[in-house]
Amino acid sequence: MQPGVLLLLLLMSYMGVPLLAHKLEVNHEKAIVALNSLLLESTRTVPANPSVHIALRLSEKHNLQEEQTYLRRLKTDLRSLLSRSEQGSRPFTGLVALHLLALRVSCQDLQEKRQALLYLKNKLSAERNHTIYHQVPLTNYYQYSLGVLALCVNDIRIDHSVLSGLVPHDHHQHHHHHHSVDTLAAAVLALKCMRESTVPGRDVWMYSTERRLKAQQAINKLMEKIRRRWTSNGDVGNIYSTPLALQALLATGDTKRWLKGKINLLNKSKQGAFQNPMALSQLLPVLYRKTYLDIGQMDCRSESDELRRVDLEPLEPELSSQPEFVYVSVKERNLATTYTARVPLINQMSLLKVLQAASKNDSNFNFKTEQTLWGPFLSSVNHVPGQDDARTYWRLSSGAHTSLIEGIQDYLPQPGEHILLQLSSF
Ligand code: B12
């Protein structure tokens, strides 16, 4: 045996364990790039989604031409959003925030951006005033946090009052108490961004020592809540809040939990849990070890231009031979069941298809949807709307107790399942 070969064999036996780890890492890498291509593929569909753009830009691999085209569509959308906002429509705090993050992550500075920044500043003041008088923001704390984050990564100084609306006060504990993990994570990212902010072009902090200390204390409190929702298999809350929770963990230096959570999410994604482009857009950054705080550091230079779309074969639906049924009930405020239907389940139907079939068969049942970044939102059932200002919505559940973690377009009811549509408070 040649001494060189012996040495190599020796080396390999030493490196046995790291080699295995390396192989795993290569497999993970491949899985992540596949998800990246899948997200790129989703840009073919309308409407454009700023959250998808953010994820594509934070990735390690790019298709620069596709990203440029997508950015142009987003700019057009932002322009029409801003002009609609002048006609006294509902507040677009979160949506405008996502657009501003999308512009910053592409290193874009333009007229629309200044207009959008001004809009967001005003909306955040309005959100803050609303929390003072009504204990809750105009939209919700998730959008409030996205708004602060978007101003922050764009180097805009944020008002005292707006910032203090993000800090959980002890006598407000009950409000922060039932926040979802997604919302807690968004608040952490916003506060962390503010804490780390420096004055552009100068080497000094943007905010006073006292403000920064308060922000740190708030981050600690919020992170404690997030860690309490951590389960040993790597979920935080449910699988769709885990990506944002991992961003918060990563941003605060908990790489151990981040890694565990990442592997768990990669496995879930192999089982098809992240087909929805919005869900995938919240997942991808953290798989690449990125957080929304990295948006502020983007310089858009020397990026690898090698990402291609994948043409996926559509999943074969499972064919069912016998007629099977799914049951739909409607419960209004008084908890009385006002409607029930039995719908034949043909092959694999989404809940949306089931509801459409029910309303086609029976003129006593009808519903309305509104398009959102997550897909169609069930906005009204049998002429009763869920109302943001009354803080009501149509909650989806399986049986009486299991709240669905997907919307009507993504959820595939099983044979014999009882789906409940229930007007609820949030
Ligand atoms: C706030 C919030 C709500 C509020 C929204 C109203 C309000 N005024 O605040 C309420 C309580 C009504 C709500 C309801 C539901 N939600 Co919700 N919600 C959120 C949250 C925390 C923030 C959304 C937001 O403001 N985004 C910012 C703006 C810019 O984006 P947007 O798309 O324009 O926002 C609107 C839509 O997102 C819509 N919306 C909210 N939730 C959902 C869920 C679905 C499936 C759809 C289609 C739309 C939708 O309301 C937003 C405000 O108008 C997200 C967390 C996250 N990670 O994104 C979860 C989240 C989107 N919701 C989720 C779910 C599952 C639901 C429900 C299906 C729960 C249920 N069992 O009934 C219902 C929707 C049912 C229906 N009628 O169609 C999941 C979606 C996961 C997935 N894979 O689809 C998330 C990710 C939370 C989670 N981790 O489980 N939600």
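Two residues are in contact if their C-beta atoms, placed from the backbone, lie within 7 Å. The model is predicted: local features need pLDDT of at least 70, side-chain atom pairs count only at pLDDT 80 or more, and totals for chains, interfaces and linings use all residues. Residues are numbered from 1 along each chain as its sequence is written.

**Exercise 1. Domains**

Task: State how the protein is divided and how many residues of domain 1 are in contact with domain 2.

Solution: 
1. An automatic or database domain assignment supplies the bounds: domain 1 covers 19-303 and domain 2 covers 324-425.
2. The C-alpha centres of domain 1 and domain 2 are 30 Å apart.
3. Seven residues of domain 1 are in contact with five residues of domain 2.
4. On the side of domain 1 that touches domain 2, two residues are nonpolar, five are polar and none is charged. Here Ala, Val, Leu, Ile, Met, Phe, Trp, Tyr, Cys and Pro count as nonpolar, Asp, Glu, Lys and Arg as charged, and the others, Gly among them, as polar.

**Exercise 2. Ligand shell**

Task: Describe the residues that surround the ligand and find which strand gives the most to the shell.

Solution: 
1. The ligand is surrounded by 39 residues, the closest being Gly94, Tyr240, Leu373, Leu378 and Gly407.
2. Elements that give two or more residues include helix 5 (93-105), helix 14 (277-287), strand 6 (375-381) and strand 8 (392-398). Helices (H or I, at least four residues) and strands (E, at least two) are DSSP runs, numbered from the N terminus.
3. Strand 8 gives the most, with five residues.
4. By class, the shell holds 18 nonpolar, 16 polar and five charged residues.
5. Domain 1 and domain 2 each supply at least three residues to the shell.

Technical notes. Near = placed C-beta within 6 Å.
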